Amino acid sequence: MEDYEKMGAFYLGRAFDQKKKKLGESLVLYDSKDLVTHAVCVGMTGSGKTGLCIGLLEEAAIDGVPSIIIDPKGDLANLLLTFPQLRGEDFEPWINEDDARKKNLSNADYAGQQAEFWKKGLSDWGQSGDRIQRLRDAADFAIYTPGSNAGIPVSILKSFAAPDQAVLDDAELLRDRINTTTTSLLGLLGIQADPIQSREHILISSVLNSAWTHGQDLDLATLIQQIQNPPMTKIGVLDLESFYPSKDRFGLVMALNNLIASPGFGAWMEGEALDIGQMLHGATGKPRVSIFSIAHLGDAERMFFVSLLLNQVLGWMRTQSGTTSLRAILYMDEIFGYFPPVANPPSKLPLLTLLKQARAFGLGVVLATQNPVDLDYKGLANTGTWFIGRLQTERDKQRVIEGLEGAAATQGAGFDKEAMERTLAGLGSRVFLMNNTHEDAPEVFQTRWTLSYLRGPLTRNQIKVLMQATKAAPPAQAAAARAAASAAPATKAAASPPTASREETSSPASVRPAIAPDVQQFFIPTRGSAPGETALLYRPMVLGAGRVNFVDTKLGVDQSVEVCCLTPITDEAVPVSWENSQEAGIAVSDLEKDAAGDAQYHEAPAVAGKAKSYQGWTKDFVAFLYGTQKLELLKSSSTREYSKPGESERDFRVRLQQSVRESRDAQIEQLRQKYAPRMAGLQERIRRAQQAVERESAQANQAKLQTAISFGTTLLGAFLGRKAVSVSTLGRATTAVRGVGRSMKEQQDIGRAAESVEALQAQLAELEAELQAEAQALEAKTDAQSEPLETISIKPKKTNISVQLVALAWTPFWLDESGDKTAAWE
Ligand SMILES: Nc1ncnc2c1ncn2[C@@H]1O[C@H](COP(=O)(O)OP(=O)(O)OP(=O)(O)O)[C@@H](O)[C@H]1O
Ligand SMILES: [Mg+2]
């Protein structure tokens with residue numbers, strides 16, 4: 001395994017020498033955390049954009065960074081075509097059969113050739129089947145097909161549910177969300193609505209706004225109902241009926257209804273919900289690469305889906321903590337039409353917001369397009385990395401140059417327009433100019449061979465075959481059983497409510513039993529309506545409500561848990577025992593003073609009528625809480641981090657992965673700080689030594705100084721990259737020195753200067769070895785996905801238990817004709 005794999009560096013390719021039209025030796029590594037300022041990839045058709053971005057997504061996956069991919073053309077599904085053994089039979093089901101025919105080869109023979117071709121391509125780029133295996137092991141790959149069952153279908157039902165609190169709390173974000181949802185929905189109906197002018201738009205957004213701000217979820221059916229009968233009587237200052245009369249609203253309702261009723265629309269309703277957290281990490285916290293293939297959809301449907309998806313990503317993003325490391329990638333393979341400079345399709349607003357805000361949350365947005373005019377200019381100003389491939393027209397080149405010039409100006413960097421024009425004119429297939437604002441200078445490179453077999457767009461059938469195995473397994477959500485719930489339940493969750501033995505013998509009366517006034521008594525409210533022909537029956541029970549505070553200053557835990565239990569009153573020697581209690585599932589504030597209506601009552605046992613009994617039961621309740629309550633947390637011994645109360649093991653592992661990544665990135669930064677000055681110092685000394693050699697040796701001619709550069713291939717060179725020292729200069733210097741050194745050795749004419757060059761080279765080798773060793777140490781860090789976690793149990797102190805209430809509680813049941821009772825409050 002190459003050392004860069006441990007260092008959050010994405011291997012994108014190797015430097016390309018434009019003058020010699022030759023591939024260089026130095027690796028082009030991209031710092032994963034640079035991607036948080038997003039990237040744009042432009043280049044004409046066939047220039048290798050998708051290949052470059054697939055390579056980047058592969059690197060991210062190997063580094064444990066998950067991604068969400070929007071795939072309008074179908075090329076990205078190729079990420080699932082990974083064959084570590086690189087055998088012909090692995091390739092055979094996926095080859096382009098027309099190509100085989102054209103070459104007069106059987107499928108098997110052509111597949112064999114393709115396998116060899118891929119193997120060779122990979123090996124030219126220092127890769128092998130092992131790395132393919134590494135990619136496969138690092139993440140789970142899935143193809144989603146909204147509106148179709150070929151891949152995993154996606155349900156949009158939940159997409160009209162009220163957004164997370166984080167979104168509701170942000171007025172601007174909420175407005176954008178309402179706006180985008182409305183525009184994309186109307187788009188699906190073929191209505192190009194202006195948010196300010198169109199009454200359809202205004203009405204639907206008002207309905208969404210009203211529901212969401214009240215925390216109410218909508219689905220398409222309720223949305224339709226509410227359009228016909230909106231929850232408001234006025235829109236702005238106008239009366240609803242004059243603004244949009246009921247009979248006109250009916251037209252809109254019918255259009256929506258027809259859409260839902262249309263054959264094929266059902267596919268939009270089944271499948272996994274668009275839950276971004278689940279799309280990014282599986283049930284155990286393993287990273288996922290979720291590809292949304294939309295090639296099969298019509299334009300309006302695509303726009304509708306992409307807008308919904310982007311909205312969900314925005315909502316998810318807001319619930320994440322801040323980070324400086326890359327957490328996830330959102331990639332869109334062909335941005336044409338979704339992010340135009342002038343028009344305002346529903347996808348544009350969320351994309352702009354993402355480009356502006358996603359950085360703080362570690363979400364890197366990567367957009368690819370053939371044509372630079374497809375991209376909104378404002379959005380581009382927020383893009384840190386540009387990958388520019390061969391461009392078709394002069395106009396495209398000029399536009400890119402303007403963009404780069406603008407970016408350079410905002411950073412106060414110089415810009416050589418003519419040199420840039422020359423560079424862009426000389427770009428070939430798979431050769432890109434990388435302009436990364438985090439680096440000192442742009443770099444021309446050729447993309448590395450992809451681990452995935454790039455066979456081009458997959459057919460629906462092929463997607464079906466690819467996803468069949470996955471679909472047979474339970475979907476991510478179902479499997480994401482929130483393992484290891486952290487707060488242990490206080491009481492046994494009894495399957496049926498505990499019954500008091502004496503009740504079975506006494507018959508209920510229709511008058512509420514009289515209880516001494518100094519005994520506190522309450523009614524538990526009924527939930528839902530009475531099922532069929534049933535009567536309401538109240539049984540006396542004891543309710544205990546308390547708060548337990550778990551404090552552990554060392555672990556930074558300060559968490560309180562509310563407990564509310566119900567326990568029966570029996571005829572036994574100990575009539576009330578909290579051991580028999582069940583969780584009541586209600587809050588003290590919900591208790592009522594009166595019955596829910598006419599009811600029958602079981603008699604309260606004598607003990608329940610004495611205030612003194614409750615004092616004893618209160619003490620017992622405290623002892624019970626003390627004995628049963630505990631807060632369980634998970635501990636990662638490698639990072640010394642603890643799960644938070646209520647955080648599942650999966651969520652904890654997802655969080656750990658990010659924090660491991662953050663600390664690794666910080667360590668890498670330290671390594672850079674440490675090595676860069678030493679490297680620069682050596683560079684300077686080598687330069688001087690080289691000059692001395694030149695002075696002393698008349699034979700040292702320029703031709704010898706042009707020996708191939710090899711230094712950049714070392715880890716040190718690639719790692720320090722273009723950030724701290726200019727490797728190209730350094731590379732040239734050292735190679736030159738080596739060349740000269742060798743030739744002079746042959747001539748037995750080595751001066752002292754050359755000796756010192758050798759010595760300096762040895763020092764460089766040492767520095768290199770030192771860095772290797774430190775990189776090795778980074779790798780030794782535990783894997784947050786599989787590391788065994790310890791369970792830590794925190795017990796409350798007696799002083800941290802407070803009892804709010806222990807009182808007589810009239811508990812409702814539904815009593816049917818045959819005498820069966822069902823709890824009426826659960
Ligand atoms: N990194 C790579 N490794 C191996 N083959 C590649 C790589 N990049 C590109 N190719 C080959 O070149 C072809 C064209 O490249 P690619 O699909 O990436 O172009 P593109 O710029 O995305 O074009 P379009 O705009 O039409 O989508 C691919 O189908 C593949 O055969
Ligand atoms: Mg492409």
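Is cysteine 53 buried or exposed, and what is its relative accessible area? Cysteine 53 is buried, with a relative accessible area of 3%. The legends below describe close-up views of a predicted model.

**Figure 1. Overview of the predicted chain.** The chain has 826 residues, of which 54% count as buried. Its secondary structure consists of 25 helices and 25 strands. Among contacts with a separation of 6 or more, 77% are made by residues 24 or more positions apart. The accessible surface amounts to about 36200 Å², and carbon and sulfur atoms account for 50% of this surface.

**Figure 2. Cysteines without a disulfide partner.** Zero disulfides are found in a search of the whole structure. For cysteine 53, the nearest cysteine sulfur belongs to cysteine 41 and is 4.1 Å away. A disulfide requires two cysteine sulfur atoms within 2.5 Å, so cysteine 53 is in no disulfide. Cysteine 53 counts as buried because its relative accessible area, 3%, is under 20%. Cysteine 564 is also in no disulfide, and the nearest cysteine sulfur, that of cysteine 565, is 6.8 Å away. The relative accessibility of cysteine 564 is 6%, and this residue is therefore classed as buried.

**Figure 3. Two loop residues with positive phi.** Most residues other than glycine have a negative phi. Lysine 21 has a positive phi, near 55°, and is not a glycine. Lysine 21 sits in the loop that joins strand E1 (9–17) to strand E2 (22–31). With a relative accessibility of 62%, lysine 21 is exposed. Asparagine 104 has a phi of about 60°, again positive in a residue that is not a glycine. The loop that holds asparagine 104 runs between helix H3 (97–102) and helix H4 (107–124). Asparagine 104 is exposed, and its relative accessible area is 72%.

**Figure 4. The second largest pocket.** The volume of the second largest pocket is about 970 Å³. Its lining is made up of 36 residues, and those closest to the centre are Asp275, Gly277, Trp316, Thr319 and Gln320. The largest share, seven residues, is that of H21. By residue class, the lining of the second largest pocket holds twelve nonpolar, eleven polar and 13 charged residues.

**Figure 5. The second largest cavity.** The whole structure contains five cavities of 30 Å³ or more. The second largest cavity has a volume of about 50 Å³. Residues Met7, Gly8, Asp31, Ser32, Lys33, Asp665, Ile668, Glu669 and Arg672 line this cavity. With four residues, H21 gives the most to the lining of the second largest cavity. The lining is split into two nonpolar, two polar and five charged residues. H21 also gives the largest share of the lining of the second largest pocket.

Figure 6. Glutamine 446 is part of strand E15, residues 443–447. The relative accessible area of glutamine 446 is 16%, and the residue counts as buried because this value is under 20%.

**Figure 7. Threonine 180 and its contacts across the sequence.** Helix H7, residues 171–188, contains threonine 180. Threonine 180 is buried, at 3% relative accessibility. Serine 347 is 167 residues from threonine 180 in sequence, with a C-alpha to C-alpha distance of 7.2 Å. Neighbours within four places aside, the contacts of threonine 180 are Ser307, Asn311, Pro346, Leu349 and Pro350.

**Figure 8. Valine 622 and its contacts across the sequence.** Valine 622 belongs to helix H20, residues 611–628. A C-alpha separation of 7.7 Å is found between valine 622 and serine 802, which are 180 residues apart along the chain. When neighbours within four places in sequence are left aside, valine 622 is in contact with Lys798, Ile801 and Val803.

Methods. Residues numbered from 1 in each chain as written. Chains lettered and ligands numbered in written order. Predicted model: local features only at pLDDT ≥ 70, side-chain atom pairs only at ≥ 80, totals over all residues. Heavy atoms only, no water. Buried < 20%, exposed > 50% of the residue type's maximum accessible area, 1.4 Å probe, protein only. Contact = heavy atoms within 4.5 Å. Areas by Shrake-Rupley, 256 points an atom, 1.4 Å probe, with all protein chains shown as cover. 1 Å grid on protein atoms, 1.4 Å probe; cavity = no way out; pocket = protein on both sides within 12 Å on 5 of 7 lines; lining within 4 Å. Points joined across faces, edges and corners; volume = space filled by probe spheres on them. Nonpolar A, V, L, I, M, F, W, Y, C, P; charged D, E, K, R; others polar.
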